[in-house]
Amino acid sequence: MAASVSPLPGLQGPADDSSLQQWSLTTLPPELFLTICDYLDAKFVICTLSEVCKAFHDLLSDDSTWKIRLSKRWPKKYPPVEVLNDNLFNWKKACIEREEQYRLWFNWRNNMDHMICRNELSASVDVVHLMKEGTLLASGSRDRYLNILDLNKLDMENPDSVKDAMVLSLNNAHRGWIWSMTSHGDTLLTGSWDTYVSFWDLAAGGTVNQRVKCKSAVLCTNFDQGNVVAGSYDKLVYVIDPRAGIVQERRQHKRPVLCMALDDNYILTGSEDNTISVFDKRAGEVYKTITMEKYPMSMSYGLGQLWVGDKCGQIHLYNARHGQFNIVETYDIGHTGKITDIRHSLGSIITCSTDRTIKILEPSCNPGVITTLTEHEGEVAGIDFQNDVLASACSDVSIGIWRPKCDASVS
């Protein structure tokens, strides 16, 4: 006796028993259709297959489909901070990014082009910054050079192509080490041990629009709705108007301000005094002070999460939803030196350390290590990650670059 078949809603089922032998995706029961989708990349299923017809789109639009898929493949709690309202979390995007990041990095030697760039460099590199969807790479080194590479012109198999890819190389961009970078549109901002914050107009060939002098070395910077916030060695947090200069100085710490992150509501600064200060922008005052056992070296803030790397190689997760900033857990991920930088996204957590390694981690509670990059011979001072492109700054007078191969979709 032939089995009963319930085709996908909105599609015509088999006309008679003989047509049961002519299976297609449109005549399969929904459960079997979803089982087949489990063997296909989430990106293909969501971006291509769901657009084939309304029935596919309706079936694949259910968030529970992607929550179940994620939990089957990665059982650890994800996202690591609880989602109270599914409408505020994009489960489809999360599934795409997790699968793409895992696929790229688990077998990165096959899926990524990679270069350790030493050409055109003569001193330790302390900071890198990606712009324009990962197509421009700025770097600052201890010889006071500011270099910008067009990665579209870089042949990853030819180190000599660095010269052709160099769109800007400024000697003595600062009179001290270039220590921090951020950008907004065509404006690149650099902070230096010479106490200056410089605004570079890349659309005008890298001319300096403005230089603002602080009282001490500038260790971290960030754009904030037209202004700039800078943390310095003299324990101060500066608010800078590019047109008017310094408009506010705040003493929120007892020792140098090492790292910073912000959003529309809060400015977070981490210091050698073993604290993270949470400044409420609307109230105009410090909202909360987080005390740590070991001082923070780096932080990554977003998606309701605050990830902090400390001087002893551990990372700390804080629940930042609704202004809580409560500790969730502390993790030992295998670093043996200071965590000099950290980046997190829906698809991964990336850390670098003075132990000469970069780690790609699962973006979950108790994050497992997807891979450890050991290509550098010196301390890794910083990283940046944008549009699947990873860049690193290193004391071995080099910059590391990883980007997906053109055929990386074939694993």
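Predicted model: local features only at pLDDT ≥ 70, side-chain atom pairs only at ≥ 80, totals over all residues.
Residues are numbered from 1 along each chain as its sequence is written, and side-chain values use heavy atoms, with hydrogens and water left out.

**Entry on Asp194**

For burial I used relative accessible area, with buried under 20%, exposed over 50% and partly exposed in between (1.4 Å probe, protein chains only). A salt bridge here is a side-chain nitrogen of Lys or Arg within 4 Å of a carboxyl oxygen of Asp or Glu, and in assigning charge Lys and Arg count as positive and Asp and Glu as negative, with His and the chain ends not counted. I then looked at the backbone, and the nitrogen of Tyr196 lies 2.9 Å from a polar atom of the Asp194 side chain. Leaving aside residues up to four places away in sequence, I listed His174, Arg175, Gly176 and Lys213 as touching Asp194, a contact being heavy atoms within 4.5 Å.

**Entry on Arg69**

I moved to Arg69, which is found in helix α4 (residues 63-73) and is buried, with a relative accessible area of 4%. Apart from residues up to four places away in sequence, Arg69 touches Cys37, Asp38, Leu40, Asp41, Ala42, Cys95 and Glu99. With Glu99 the side chain of Arg69 forms a salt bridge (2.6 Å, N to O). Because Arg69 lies in helix α4 and Glu99 in helix α5 (residues 91-106), the pair ties together parts that are 30 residues apart in sequence. Glu99 counts as buried too, at 10% relative accessibility.

**Entry on other salt bridges**

I recorded 15 salt bridges in the structure. In one of them the side chains of Arg142 and Asp126 meet at 2.9 Å, N to O. Arg142 lies in the loop between β3 (136-141) and β4 (146-150) and Asp126 in strand β2 (residues 125-131), so this pair links parts that are 16 residues apart in sequence. I found Arg142 partly exposed at 28% relative accessibility, whereas Asp126 is buried at 10%.

In another, Asp341 is bridged to Arg343, with the closest N and O atoms 2.7 Å apart; Asp341 is buried at 12% relative accessibility, while Arg343 is partly exposed at 26%. I also noted that salt bridges with shared partners join Arg69, Arg73 and Glu99 into one network.

**Entry on a sheet**

I traced an open sheet of four strands in the order β18-β19-β20-β21, with antiparallel pairing, two strands being paired if DSSP finds at least two bridges between them. Its edge strands are β18 (296-302) and β21 (326-332), each of which pairs on one side only. Between β19 (residues 305-310) and β20 (residues 314-319) I found antiparallel pairing over five bridges, and Gly309 stands opposite Ile315 in β20.

Key:
Helix = DSSP H or I, 4+ residues; strand = E, 2+ residues; numbered from the N terminus. Polar contact = N/O pair within 3.5 Å; in protein donor to acceptor, adjacent residues only side chain to side chain.
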